[in-house]
Amino acid sequence: GGPVVLVSRPQRNAGLGLLAALGFYCYIIKFSDRVLTYKTKKSGGGEGIRETVLRILWQTCGYREALTVTKLSLMLMLRTFGSVWVSRHWGKIVNSVVTANFPRLTQLVSEFAGA
């Protein structure tokens, strides 16, 4: 076999992903508005997806539920960021083992251990 070439994966842009998700959400809202306009012309009534979801949440959720959802969302974000950090750090550790860069390996393991 030939030499093994390690290719680093391209950097991902979180801002671009967020922008794409927001764009998709706006598209869904606009599409919902068009469907609503069509239904209103045809049957004389109706409401959009956004209005339906907000009405349901307003009627069913109180302060405690809103606080719980906020806490759970925050914990999910923190867990996700922690998992990403750990996976990137372990990737660096594996890379230092593969390239036999033992001083870097010692530094990374110490950093991971909190020393």
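1. The protein contains 4 helices and 0 strands, and its elements follow the order α-α-α-α from the N terminus. Helices (H or I, at least four residues) and strands (E, at least two) are DSSP runs, numbered from the N terminus. The model is predicted: local features need pLDDT of at least 70, side-chain atom pairs count only at pLDDT 80 or more, and totals for chains, interfaces and linings use all residues. Residues are numbered from 1 along each chain as its sequence is written, and side-chain values use heavy atoms, with hydrogens and water left out.

2. On confidence, the mean pLDDT of the protein is 80, and 76% of the residues score at least 70; pLDDT is the predictor's confidence in each residue, from 0 to 100. Helix 1 (residues 14-43) has the lowest confidence, with a mean of 75, whereas helix 4 has the highest, at 91.

3. Of the 115 residues in the protein, 8% are buried. Here, buried means under 20% relative accessible area, exposed over 50%, and partly exposed in between (1.4 Å probe, protein chains only). Among contacts between residues at least 6 apart in sequence, 23% join residues at least 24 apart; contact means heavy atoms within 4.5 Å.

4. How do helix 3 and helix 4 pack against each other? The axes of helix 3 (residues 63-98) and helix 4 (residues 102-113) come within 9 Å and cross at roughly 155°. Axes are lines fitted to C-alpha atoms, for helices over the stretch in contact, and angles run from 0 to 180 degrees between N-to-C directions. The two helices are therefore roughly antiparallel to each other, a class that covers angles over 145 degrees, with those under 35 counted as roughly parallel, 65 to 115 as roughly perpendicular and the rest as oblique. The crossing of helix 3 and helix 4 is left-handed, that is, the near helix is turned anticlockwise from the far one by less than a right angle, clockwise being right-handed.

5. On the helix 3 side, the contact with helix 4 involves residues including Trp 85, His 89, Trp 90 and Ile 93; the helix 4 side includes Leu 105, Leu 108, Glu 111 and Phe 112. The residues of this contact comprise 9 nonpolar, 2 polar and 3 charged. Ala, Val, Leu, Ile, Met, Phe, Trp, Tyr, Cys and Pro count as nonpolar, Asp, Glu, Lys and Arg as charged, and the others, Gly among them, as polar.

6. His 89 lies in helix 3 and counts as buried, at 3% relative accessibility. Leaving aside residues up to four places away in sequence, His 89 touches Leu 108, Glu 111 and Phe 112. Trp 90, also in helix 3, is partly exposed at 49% relative accessibility. The C-alpha atoms of Trp 90 and Phe 112 are separated by 8.7 Å, with the residues 22 apart along the chain.

7. Ala 100 is situated in the loop between helix 3 and helix 4. Although not a glycine, Ala 100 has a positive phi of about 60°, and its relative accessible area of 44% makes it partly exposed.

8. Ile 49 belongs to helix 2 (residues 49-60). Ile 49 touches Ile 28 and Ser 32, not counting residues up to four places away in sequence. Ile 49 and Ile 28 are 21 residues apart in sequence and 8.6 Å apart in space, C-alpha to C-alpha.
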